[in-house]
Amino acid sequence: MSLTLYRNGSVYSAADPFATAMLVDGDVVAWVGSEHAATSLLDSRMREIDLRGALVAPGFVDSHVHVTETGLALDSVDLAGARSATELLDLVAAAAASTSGLLLGHGWDNSLWADTRLPDAEALDRAAGGRDVYLARVDVHSGLVSGSLAARLGLAGLPGWDGAGIVSGVAHQTARSAARSLDPEQRTAAQRRALRHAASNGYVALAEMSAPHVGSAEDLAGLMALAAVDAADAMPQILPYWGQLVSSTEEASEVLAGLSSLGVDILGLAGDINIDGSLGSGSAFLRKPYADGSFGTAQLSVEEVANHLAATSELGLTGGFHVIGDGAMEIAVAGLEQATKMVGIDKIRAAGHRFEHAEMVDEAAMAALAHHAVGVSVQPVFDALWGGREGMYAQRLGAERALELNPLARFYEAGVPLFFGSDAPVTPLDPWASVRAALNHHEPSSRISARAAFIGHTRAGWRAAKSENPFQGQLGAGAPASFAIWDVEQLMVQVADERVQSWSTDPRARTPLLPALDNDNDPRCLQTVHLGRELYSSDDFS
């Protein structure tokens with residue numbers, strides 16, 4: 001039955017902020033409105049679903065995900081809760097006793113430990129009983145390896161080997177590649193695990209940031225086939241990007257043709273083309289030094305950035321880079337300006353370029369991003385995890401510099417397009433945690449409203465992917481039937497400024513309501529639907 005009437009709940013719709021019912025006809029929302037009108041509409045053709053007070057809202061889009069890595073992390077040793085080297089080793093030992101083969105772990109963050117010293121390779125050998133071990137740091141820009149794995153891969157002879165088991169740079173990439181040595185069946189299982197997890201958290205689409213140094217083109221092709229809109233098993237839609245640097249339109253065209261031959265039509269040569277690394281691993285490139293006196297490392301030059309952006313702009317294709325430190329942003333902006341001289345501002349703006357993360361952005365860089373219509377993919381949970389005067393950012397940079405990071409409100413004030421994501425598996429696929437983090441940024445002047453953050457995770461994600469449907473990410477007559485249903489405790493308007501709060505909660509403001517996020521009780525997903533196909537349903541929803 002293609003007609004479904006959802007009623008007796010709350011529908012998040014700008015078309016009718018007080019809507020309590022919604023009619024879906026196949027893959028399209030046919031109507032939203034009141035309970036009284038729903039009663040008049042109901043007939044024998046329709047399946048009727050009582051929402052019992054639940055919220056129906058547009059499905060979430062995550063604008064920066066690594067799907068295969070997320071699937072692997074979900075099935076590996078969870079090290080996020082470790083608060084010391086001893087606790088980490090205990091988790092490894094427990095896993096080694098119940099598994100076989102290469103032991104994978106993810107999520108350790110020694111910036112949260114009272115004693116930040118890490119275990120060495122010999123300690124990992126003892127804990128794992130001589131097994132090969134690879135443990136990714138939470139930012140996946142460095143890791144820990146056992147002595148057995150280091151010996152098997154010859155890591156001691158590679159840049160980034162510290163001599164004791166910590167790997168970064170080339171050594172880390174080698175270890176990470178070994179951890180991803182999956183046969184097709186294992187790869188599909190990891191991808192399916194991640195996609196189902198995303199669907200259970202209300203996501204209808206994920207921007208996959210593939211790259212040659214992250215996974216193969218065949219990996220991306222397999223993911224696209226698994227998540228195809230017409231696949232037998234409905235999954236969240238994949239919005240594919242490929243992080244490969246090019247220097248000319250000819251080279252870009254060759255890359256596109258190669259991917260197309262595998263059945264992959266990408267949205268851009270963007271994502272994990274790294275200008276620098278991460279703050280947690282000390283590899284983000286800075287203009288002023290870290291607390292330890294280092295500056296991080298620039299991995300690309302201004303010329304390389306310019307050539308890439310010029311080539312993609314000529315083809316009308318999105319280009320972009322991973323940019324975290326202010327030194328890296330300086331390179332990115334200089335490359336952007338040089339590319340503009342090469343192909344003209346109109347082509348630059350039309351391409352819809354995007355920078356990932358952009359955690360350290362001064363006023364000049366902010367103005368340049370807005371002028372060139374460059375969007376920024378941000379991860380609000382980064383601040384929730386590492387911001388503030390005592391968090392990892394402050395440990396690396398000092399408290400004053402730390403509070404300037406991830407300036408969400410300033411992006412909006414400057415007119416820079418923002419779209420939100422998790423960078424999963426770096427942070428979890430948890431959209432409401434992201435909205436809460438944006439609302440409660442450690443620096444009050446960087447906070448934004450829950451509604452702005454919600455739009456950044458829905459409509460803005462589709463805009464970043466150049467969706468041709470103007471109703472994508474909204475609920476109203478004619479919009480795609482892409483939504484999630486949430487069990488919520490309370491609905492309200494939440495903004496960073498109390499003066500705005502007092503007006504926005506007035507019914508005359510006609511502001512759609514969102515779940516109260518002033519506690520740790522996140523909404524629970526009951527159902528996720530994309531283009532009329534059910535991606536997920538909880539056991540207690542019918």
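The largest cavity has a volume of about 170 Å³. A cavity here is a set of points on a 1 Å grid over the protein atoms alone, where a 1.4 Å probe fits but cannot get out. Points are joined across faces, edges and corners, and a volume is the space filled by probe spheres set on the points. The model is a predicted one: local features need pLDDT of at least 70, side-chain atom pairs count only at pLDDT 80 or more, and totals for chains, interfaces and linings use all residues. Residues are numbered from 1 along each chain as its sequence is written, and side-chain values use heavy atoms, with hydrogens and water left out.

Six cavities of 30 Å³ or more are present in the structure. Lining residues are those with an atom within 4 Å of a point; the largest cavity has 14 of them, and Glu-69, Leu-72, Tyr-134, Ala-136 and Ala-179 lie nearest its centre. At least two lining residues come from each of α2 (67-74), β9 (103-108), β10 (133-137) and α6 (169-179). Helices (H or I, at least four residues) and strands (E, at least two) are DSSP runs, numbered from the N terminus. By class, this lining has eight nonpolar, three polar and three charged residues. Ala, Val, Leu, Ile, Met, Phe, Trp, Tyr, Cys and Pro count as nonpolar, Asp, Glu, Lys and Arg as charged, and the others, Gly among them, as polar.

The second largest cavity holds about 120 Å³ of space. It is lined by 16 residues, and Asp-139, Ser-278, Ile-324, Glu-359 and Phe-382 are the closest to its centre. Helices α14 (381-386) and α15 (392-397) are the elements that give two or more residues to this lining. The lining of the second largest cavity divides into seven nonpolar, five polar and four charged residues.

In soluble globular proteins, nonpolar side chains tend to be buried together. A nonpolar core is a set of buried Ala, Val, Leu, Ile, Met, Phe, Trp, Tyr and Cys residues joined through side-chain atoms within 4.5 Å. Buried means under 20% relative accessible area, exposed over 50%, and partly exposed in between, with a 1.4 Å probe and protein chains only. The largest nonpolar core has 66 residues, of which Met-329 and Phe-411 touch the most other members. Helix α11 (residues 326-343) gives this core its largest share, eight residues. Residues up to four places away in sequence aside, Met-329 touches Val-323, Phe-355, Ala-358, Met-360, Val-361, Ala-365 and Leu-369, where contact means heavy atoms within 4.5 Å. Another core, of 27 residues, lies apart from the largest one and includes Val-140, Ala-171, Trp-386 and Leu-397.

Helix α18 (431-439) is mostly covered, with eight of its nine residues buried. Among them are Trp-432, Val-435 and Arg-436. Ser-446 sits in the loop between α18 and α19 (450-456). Is Ser-446 buried or exposed? Its relative accessible area is 5%, so Ser-446 is buried. Beyond its neighbours within four places in sequence, Ser-446 is in contact with Asn-406, Pro-407, Leu-408, Ala-409 and His-441.

Gln-494 is in the loop between β21 (491-492) and α21 (498-504). A polar atom of its side chain lies 2.8 Å from the backbone oxygen of Pro-515, and a polar atom of the Gln-494 side chain lies 2.7 Å from the backbone nitrogen of Leu-517.

Some backbone geometry remains. Most residues other than glycine have a negative phi, and most peptide bonds are trans. The peptide bond from Ala-424 to Pro-425 is cis, with omega near 15°, and Pro-425 lies in the loop between β19 (418-420) and α18. Asp-423 is also in the loop between β19 and α18; its phi is positive, near 60°, and Asp-423 is buried at 8% relative accessible area. Ala-373, in the loop between α13 (363-371) and β18 (375-378), has a positive phi near 55°. Ala-373 is partly exposed, with a relative accessible area of 31%.

Notes: A polar contact is a pair of N or O atoms within 3.5 Å; within protein, one must be able to donate a hydrogen and the other to accept it, and residues adjacent in sequence count only if both atoms are side-chain atoms. On a 1 Å grid over the protein atoms alone, a cavity is a set of points where a 1.4 Å probe fits but cannot get out, and a pocket is an open set with protein on both sides within 12 Å along at least five of seven lines; lining residues have an atom within 4 Å of a point.
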